[in-house]
Amino acid sequence: MFPEVLKRVGEQLSNALPFVVYRKPNRKEIHAILQKDDMVHHTSDFSEKGFVFAPFAKQSPVILLPYDEQLTAEIPSDNPFVMGAVDTLESVAQDKDYHLHLVAQGIQEIHKGRLDKVVLSRKMEVDCPSAPLEVFQRLLATYDTAFCYLWYHPKVGMWLGATPEILLRTSNNSLTTMSLAGTKPFVEGVRPAWGKKELEEQRLVTDYILRALEDKVSNIRESEVESSQAGNLWHLRTRITAVYKNNLRAIIEALHPTPAVCGMPLQPAQRFIAENEQYDREYYTGFLGELNLRQEISRAKSERNQENKSYKVIKTATELFVNLRCMKLTDSKATVFIGGGITRDSDPEKEWQETVAKSNTILRVINP
Ligand SMILES: C=C(O[C@H]1C=CC=C(C(=O)O)[C@@H]1O)C(=O)O
């Protein structure tokens, strides 16, 4: 039962033991993974089983919560937690000046021909008077189509988010990923009118993913570009599917970090971010999710099933999400991380406004 799972998660937190509790996009159940000790486990090559939590920096270790204990419960339809008021928080003027300057530098770098695209971000600290599990329940009630999670390790910290972006999904040998970029505010009843800037920005991401996967998969296909709603925002999205053979590590390494969170060409963009953002992104724009989860799926009897009985199929599935629209919780403070893709046609003031809109996605769940 839902209250029972939340109670167990609460006890895990009071005992300072690692856990993650999450709900997948458009699903009605929560899952919790509770670790029995407080060791820090890592994955070496993504062949292990567990819930991964990976930082943005590729050279930093990826944390793994083993599937020591797994709980699942249906979310009640009368979840009493509703979103709080959208407070358009006035950020400190100094933050704004720095971000405008950073974006202007990024645009200059693109005009000099050193970069095609770079994703530049910032962080902001706000008071968080609510308990983490309350904030998590508000996320669940507010963002049906996002991957919502609360993750904790006493030796690493506590993170919470509602991300719209899949890094990859595998089930046996089929692979799905997506190219997500371009942002517009969501207005009820109005379809977004995308401009050249957003269409080009998103196309760059799609082309990059297709090239990155080219020699690692077969039967690669892309969908039409579609508008996808993520809370108070719209994004452009292309779904990419392929067939792959047991080379998960190579695929993760090829995809992370995509130009939806880093830039193109990859290395100069990484360098530009490291030298200019002036803060550590930590797990923001990293990825998280289930790694090599064994699933038993019941299939109904069929004509080809000689004994005419229902039967079970065992599948191994991985489902990873990019850690966006997230925050780090420490005591009663929340550090919110937000960024945006900069291309040659970017305007620093608009980019600033975009980060304010993105921060509201997550800020609206902090206060009751
Ligand atoms: C980097 C972020 O968003 C990325 C994902 C979707 C759209 C984006 C954009 O329009 O810039 C970003 O690439 C963030 O939310 O912090």
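Which element gives the largest share of the lining of the largest cavity? Strand β19 does, with 5 residues. The views below concern a predicted model, in which local features need pLDDT of at least 70 and side-chain atom pairs count only at pLDDT 80 or more, whereas totals for chains, interfaces and linings use all residues. Residues are numbered from 1 along each chain as its sequence is written, and side-chain values use heavy atoms, with hydrogens and water left out.

**View 1. The open sheet of 9 strands.** The strand order is β6-β2-β1-β8-β9-β18-β19-β7-β15, with antiparallel pairing. The edge strands, β6 (69–74) and β15 (263–264), each pair on one side only. Strands are DSSP runs of E of at least two residues, and helices are runs of H or I of at least four, numbered from the N terminus; two strands pair if DSSP finds at least two bridges between them. Antiparallel strands β9 (residues 157–163) and β18 (residues 326–330) are joined by 4 bridges, and W159 stands opposite K328 in β18.

**View 2. Helices α1 and α7 across the strands.** Helix α1 (residues 2–14) lies across β1 (19–23), β2 (29–34), β6, β8 (147–153) and β9, and runs at about 30° to β2. Helix α7 (residues 348–363) lies across β7 (117–127), β9, β18 and β19, at about 140° to β19. Axes are lines fitted to C-alpha atoms, for helices over the stretch in contact, and angles run from 0 to 180 degrees between N-to-C directions.

View 3. K333 is found in strand β19 (residues 333–342). Its relative accessibility is 31%, so K333 counts as partly exposed, a class between buried (under 20%) and exposed (over 50%), with a 1.4 Å probe and protein chains only. Leaving aside residues up to four places away in sequence, K333 touches E125, V126, D127, C128 and K328, contact meaning heavy atoms within 4.5 Å. The side chains of K333 and D127 are joined by a polar contact of 2.5 Å, that is, a pair of N or O atoms within 3.5 Å, one able to donate a hydrogen and the other to accept it.

**View 4. The largest cavity.** Its volume is about 210 Å³. Of its 22 lining residues, the closest to the centre are A260, L324, R325, G339 and K358. Two or more lining residues come from each of β7, β11 (174–185), β19 and α7. On a 1 Å grid, a cavity is a set of points where a 1.4 Å probe fits but cannot get out, and lining residues have an atom within 4 Å of a point.

Methods. 1 Å grid on protein atoms, 1.4 Å probe; cavity = no way out; pocket = protein on both sides within 12 Å on 5 of 7 lines; lining within 4 Å. Points joined across faces, edges and corners; volume = space filled by probe spheres on them.
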